[in-house]
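This report goes through one predicted model, starting from a single residue and then widening to the chain as a whole. Please have the structure open while reading.

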Amino acid sequence: MGESAYRVSAWWVLPISTVVWWVCGFLPWLLQALYEVMGLAEASSVRSTGFLPLPFTADDAVVGLVVMALIGGLLGGLTAGIPASARAGAAAATAGTLLAMSAAGGASCLLAIRGSAPGDAAPLGMLVVTVAAGVVGLAAGLLVALGPAVLRGPALALPVVLLDGWLWGLVPGNLVSPTGTWWIFAVALGIAFGLAVDSRPLELLGWLPTAGIVWVLQAAGPALLAVQENIWPGSALTENPLSAAAIVAHELASAAMAPDTHQLGAWVVALLLGAAIAALRLSREAADESELSEAWA
């Protein structure tokens, strides 16, 4: 019996990961459309004439696409841990997430090309952005679900720093754009810290690379915004999309060297929260081992 008795078949992971990537990852986009219908938010001037599964509306949707596709990919990858078989779970989660990307992205591109989106929209470019961010999120989710404990924290680094933008997107009328909300960082960092621990206290050292990565990636939001601001007809970025990588690298490097751009209070709260989560997990595992030993005695 044991834990595997409560695991479901890997076949269930396929539809679950498909739904999770779009419905959960792009929940802010879906809610904003609902808010407009309900009159809770004003309709955007760049909104398409019809509803698109993904926000392929205009250049200012780049940051939101990256955040939502990445968070969705992370959640899709996490579903790989549902079945007992790690290989089957990983295959099903990957297939389901890629299927969701193909369906939602293809439908959005088709509708946008037919004239549903504003003239400044770039549906093919948006699709590339969506797939790239979704694959990064999927890889992170698979690592968190199935990877060794020391890699779980670092895998959560990028989703952690983009999480506040996703959450702000749930508020009526708000765009999905990271703003560096310190308390969201603290909660997310603490969860990442706690998940970096498995069964041995030494695995707490897995938090050290996570902290370093998050310290640098706290500039991910401003870097994405810098890329977005440089997308306009005739710009160097429009002519050479690969230069986006140089812009992101420059922004990350400059922000990483400036301590005043980081929320130090979040790190203190994160350490306390993470230590509590880690201690709880370790104590539960110790209690389970103790009960198992008594049962066999």
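## Leucine 99

Leucine 99 has a relative accessibility of 48%, so it counts as partly exposed; buried means under 20% relative accessible area, exposed over 50%, and partly exposed in between (1.4 Å probe, protein chains only). The residue sits in helix H4, which covers residues 86-116. Helices (H or I, at least four residues) and strands (E, at least two) are DSSP runs, numbered from the N terminus.

Serine 17 is 82 residues away from leucine 99 along the chain, yet their C-alpha atoms are separated by 9.2 Å.

## Basis of the model

The model is predicted: local features need pLDDT of at least 70 and side-chain atom pairs count only at pLDDT 80 or more, while totals for chains, interfaces and linings use all residues. Residues are numbered from 1 along each chain as its sequence is written, and side-chain values use heavy atoms, with hydrogens and water left out.

## The chain overall

The chain has 13 helices and zero strands. Of its 297 residues, 43% are buried. Among contacts (heavy atoms within 4.5 Å) with a separation of 6 or more, 76% are between residues 24 or more positions apart.

## Helices H1 and H2

Helix H1 (residues 10-24) and H2 have axes that come within 6 Å and cross at roughly 55°. H1 is therefore oblique to H2. Axes are lines fitted to C-alpha atoms, for helices over the stretch in contact, and angles run from 0 to 180 degrees between N-to-C directions. Angles under 35 degrees count as roughly parallel, over 145 as roughly antiparallel, 65 to 115 as roughly perpendicular and the rest as oblique.

Where the two helices meet, H1 contributes Trp22, Val23 and Cys24, and H2 contributes Leu27, Pro28 and Leu30.

## Leucine 40

Leucine 40 is found in the loop between helix H2 (27-38) and helix H3 (62-78).

## Valine 268

Valine 268 belongs to helix H13 (residues 264-296). With a relative accessible area of 52%, valine 268 is exposed. Valine 268 and glycine 190 lie 78 residues apart in sequence, and 9.5 Å separates them in space, C-alpha to C-alpha.
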